[in-house]
Amino acid sequence: MTNAQTLLTIENLRIEAASQAGGKTVLVDNVSFSLRRGEVLGLIGESGAGKSTIGLSSMNYTRGGCAITGGRIVFDGENILELSEAGNRALRGVRIAYIAQSAAASFNPALTIGRQVCEVAVRHHLVGRAEAAAKAVELFKALELPDPEHFGERYPHQVSGGQLQRAMAAMAMIAEPDLLVFDEPTTALDVTTQVEVLSLFRKLIRERGTAALYITHDLAVVAQIADRILVLRHGKMVEMGAAQDILTAPKEDYTRRLVAEREAATADAFVSEGEGGREAVLTLDAVTASYAALPRVVDTVSLSMARGDTLAIVGESGSGKSTLARVIVGLLPRESGRLMFQGKELSPGLRERSREELRRIQMIYQMPDMALNPKHTLLEIIGRPVEFYLGKSKAEVRARVLELLRQIELPEHFIDRRPTELSGGQKQRVCIARALAAEPDLIICDEVTSALDPLVAEEILALLRRLQERLGLAYLFITHDLSTVRRVANTVAVMRKGKVVAYGKTAEVFSPPYHPYTELLLDSVPEMRPDWLDDVLAARKGRVEATR
Amino acid sequence: MLKLVLRRAALGVMTLWAASVLIFAGTQILPGDLAQAVLANNATPENVAAMRHELGLDRPAVERYVEWLGHAAQGDFGKSLVNQRDVAKELAPRLYNTLFLAVYAALIAVPLALVLGVLAAAFQGRAFDHIANAATLLAISLPEYFLGYLLIKWVALYLGWFPVLANVAPETGFFGRLYLSFLPMLSLVLVIIAHMMRMTRASVLAVMASPYIEMAFLKGLPKWRVVVEHALPNALAPIINVVALNLAYLIVGVVVIEVVFVYPGLGQSMVDAVSKRDVPVVQACGLIFAAAFITLNMVADILALVSNPRLRHPR
Amino acid sequence: MQLFGRKMPLRAQIGLAIVIINLLAAIFVPVIAPYPEAEVVGRAWAGSSAEHWFGLDNLGRDILSRLLYGARLSIGLSLLITTLSFSMGVFGGFAAAVLGKAADMVLSRIVDLLLSMPALIFAMVVLSVLGTDLIVLIVTISVLDATRIFRVARALAMDIEALDYVEVARLRGEGLWWIVRREILPNAVPPLVAEFGLRFCFTFLFISALSFLGLGIQPPNADWGSMVKDYSALIMLGVPAVFYPAGAIAALTIGINMLVDWLLSINTVRR
């Protein structure tokens, strides 16, 4: 493969980090691949797969405490691991550029966007200041940024997240590098914004023939942009091949599971509805709420759900869906409207509610790390609601906790462990057990899977479904992820700017005729077909304006 | 933004007023009869009554406070209880001496500490950083008066470069003052530099951990450019606070150092007055020190506000 | 060697050793001190000898014995003051963080006011009226110190309170006291221990500065600050006595700082 067409070759790469105990942890182990000029390689894997570490290593850069301890990285015929400091600097930004996940964090808040975009060109004396500025304007235009002539005069906090992400692409492209490293560049964006940013990135690298490493955990995203895909797990290579082959005919079991999970996410199989005519658990009637001195965050929302139901509230950031959860549990007292729980009206504020009312509604959070006190054992965490609500003796509490551990499929000897000794998925199971311990009728799940890797998330959803069948619970899912809605919810409410714009059975809301905003959301969920992005862009022309 | 600055300035004035109440309350309303204490052995009932009248202790506290503040605002701090001289006239040259020493120390310490702090951060983990860390830890762990005596022993007595006592007089010329007050200045500088440098280093390091600094390195910029152009503008607000905090610390340090070197400044007057319970002098000194302290903090907060890009360039 | 479930580096171990040695000295002074602290046992400024390792002081008292008694008084007093100020500061800070906006406003404004003046100046104003009484000294410094601890404790409690597990407890209907005791306090202990070390050093140097100015601990009791003052004049005559108390102050402060640096480096609130 060593010919003039090869841009980057990585051979037997090994990267280690100094661990707390004083030893070494291997982050990347024996990874080899090569990249032709103009080619896009997708690096796929769950957290801890070593994707970002590999991406940064191609710039001969490692984060604090890590070091490249083996292998070769040959860029354009030169082993860059042997470069001097000055050699590194001549490479970085000029020939290889980096696009990070969070533009908001990667732009310096004290400097204008224009200055930061032009910096590489000016500081490496590629072009003069004026010429660099002109080039930046041209890139801003290509990236469809508003008012490109003056966009560079603004400060990072003055523009939106999607615009900033695009500005970062301009910053990377200013020196016309041979290789771009994209590190989850659309993960932090809302789905509708993701489509725009992704298509612009693709346009930019195709027009200019730039090679790229595209790092992501989302197979559907990488399907749109990559020629080949490398699947990684725990720092090791699982398999590598043409994008189409990996997506349609994966060889390894791990890849197959990833693909199957992703396919299920966009499949049109809806949860069938349970038996009708059951008692209503929760009813919201024209509920309105707001934070002090701001416009209404929850605006006349009316919803209803019965025992055994799963209602999903779906929307993008700022839609008010999480605030609605806070209103239901009483953290944010509602301003008006009625909130009925099992036929009885609930007080707006938390303090006015009885212990029995509190027991019946439990909540599970997005970040299990923050939802569990690191100083408590699982016995204390899961046992406290048993003791607090049900007044059980010590021995009864312990027995109940063991029973709950069995229910959430964790070993019994975990009872004396602390959250810091558990993985992310196990922590989320503990949060579920804590909610179950109160023997509730309704559990509010606030983005419970969005901080988890796809396969782990799938297991958590499956567990929740099994528990629902066994215990007859009602779930209220707050989520931005339509695939979660499809998989768990029999009823869905789509929220936008504090209002419910579509509400009904999931199968109906998610089938034609759609509400325009629902359609926009549904269309924006990436699918693994490589031509999905083109289809969406074609279909969207004209329609986006209609909904805005 | 202007609104925020004005609000902070108003808060400063309010605080100064509150501090004046505290100082007045501290010296007047607290238990223990001042007249009796001042007269000590001569405290016959008649004398005490006369003294109380003279001090105005027989009038309501609020009335006395308003009168005291009114006079103080016009630069009249009353008469010393010990030698009956006009407090303002006594203190004026001493205030000048203290200001001279403080500004002298600040002008040398602040730039030096900032440069050294930034360098220590830039060379984090290297020999320079380790040496600077050890040296500053030693300096902040030693009482400032001990540093003063060390300087007297080695620089003044052993080397004989500077005088032991910094006895500046009103007629001493500018360069004479610089020479005479060199050792007190040096003691202060050593103490403040240590604190300021450690805090500057910490502020810069906190900023250096940000993703935008990593991005700057990934753009192939040399380290000095990353530190100066990307880290410093963001470390500005914390550094302004560091400087203000340490200049405020200077106010305290100056009291002790003046005593060590028998430097005729405000701090020494205050220590003398406290041991002699000369209340008007204590009040005047306390008010001046508090005013300096509050003003410094206020200026620092306003500068930090002004340096914040989010406030300078609203959406 | 481990503490708070973490391995201690050498620096922290040295720091811990210094602190423990000082504490032991302070506790067992009557047993180990060769002479009483205020007894004149020989000629003034006698040099070091087999009976008097560090020599005698300006009045002919044994310097080593005074140094050990000084450890007891200086460390004991700083410990007492720091404990008092911590009780007030942490209680107030936590109260401000969990009791709601109104309580926070009132407490914070009071603290702002006390912090508006340099501590030394404030202490001097108070001491000028009330005299240099030990009780006055303890109360004044405790209150002044508590204001600084209040700020740290409040910020810490607010950081922890924003975490979801505290919200879980609130949603469960737990009382305020339970939440503070079971959810917030256990997570605040390591950073508070670090702060305790720093405040102890500060108090220690503060008392020694006051003693130096003649406003702190009064003779004939020995404390390290006034020992430095008494002996320092003699530095010009070549008597090295001043280095013993000054060195003791420096060693303890450095030891605590080494320990605290490590504590701070491992204990930021996990997010």
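Trainee: Which helix of chain C is C:Ile27 found in?
Mentor: Keep in mind that this is a predicted model. C:Ile27 belongs to a nonpolar surface patch of about 710 Å², along with residues including C:Leu23, C:Phe28 and C:Leu79. As for its own element, C:Ile27 is found in helix H1 of chain C.

Trainee: And which helix gives the most to that nonpolar patch?
Mentor: Two helices of chain C, H1 (10-27) and H2 (29-32), each supply at least two residues. The top contributor, with four residues, is H1(C).

Trainee: Over in chain A, how is H5(A) placed against H8(A): oblique or roughly parallel?
Mentor: Two packed helices are described by the angle between their axes and the distance between the axes. Here H5 (residues 129-142) and H8 (residues 191-208) of chain A pack at about 125 degrees, with axes 10 Å apart. Angles over 145 count as roughly antiparallel and 65 to 115 as roughly perpendicular, so H5(A) is to H8(A) oblique.

Trainee: How many charged residues does the contact of H5(A) with H8(A) have?
Mentor: H5(A) brings A:Glu138, A:Leu139 and A:Ala142, while H8(A) brings A:Leu200, A:Lys203, A:Leu204 and A:Arg208. By class, that contact has four nonpolar residues, no polar ones, and charged residues numbering three.

Trainee: What is omega for the peptide bond from A:Pro512 to A:Pro513?
Mentor: Most peptide bonds are trans. A:Pro513 sits in the loop between helices H20 (506-509) and H21 (516-524) of chain A. The bond from A:Pro512 to A:Pro513 is cis, with omega near -5 degrees.

Technical notes. Residues numbered from 1 in each chain as written. Chains lettered and ligands numbered in written order. Predicted model: local features only at pLDDT ≥ 70, side-chain atom pairs only at ≥ 80, totals over all residues. Heavy atoms only, no water. Axes fitted to C-alpha atoms, helices over the stretch in contact; angles between N-to-C directions. Parallel < 35°, antiparallel > 145°, perpendicular 65-115°, else oblique. Contact = heavy atoms within 4.5 Å. Nonpolar A, V, L, I, M, F, W, Y, C, P; charged D, E, K, R; others polar. Patch = residues over 30% accessible without salt bridge, like charges linked within 9 Å, V, L, I, M, F, W, Y side chains within 5 Å. Areas by Shrake-Rupley, 256 points an atom, 1.4 Å probe, with all protein chains shown as cover. Salt bridge = Lys/Arg side-chain N within 4 Å of Asp/Glu carboxyl O.
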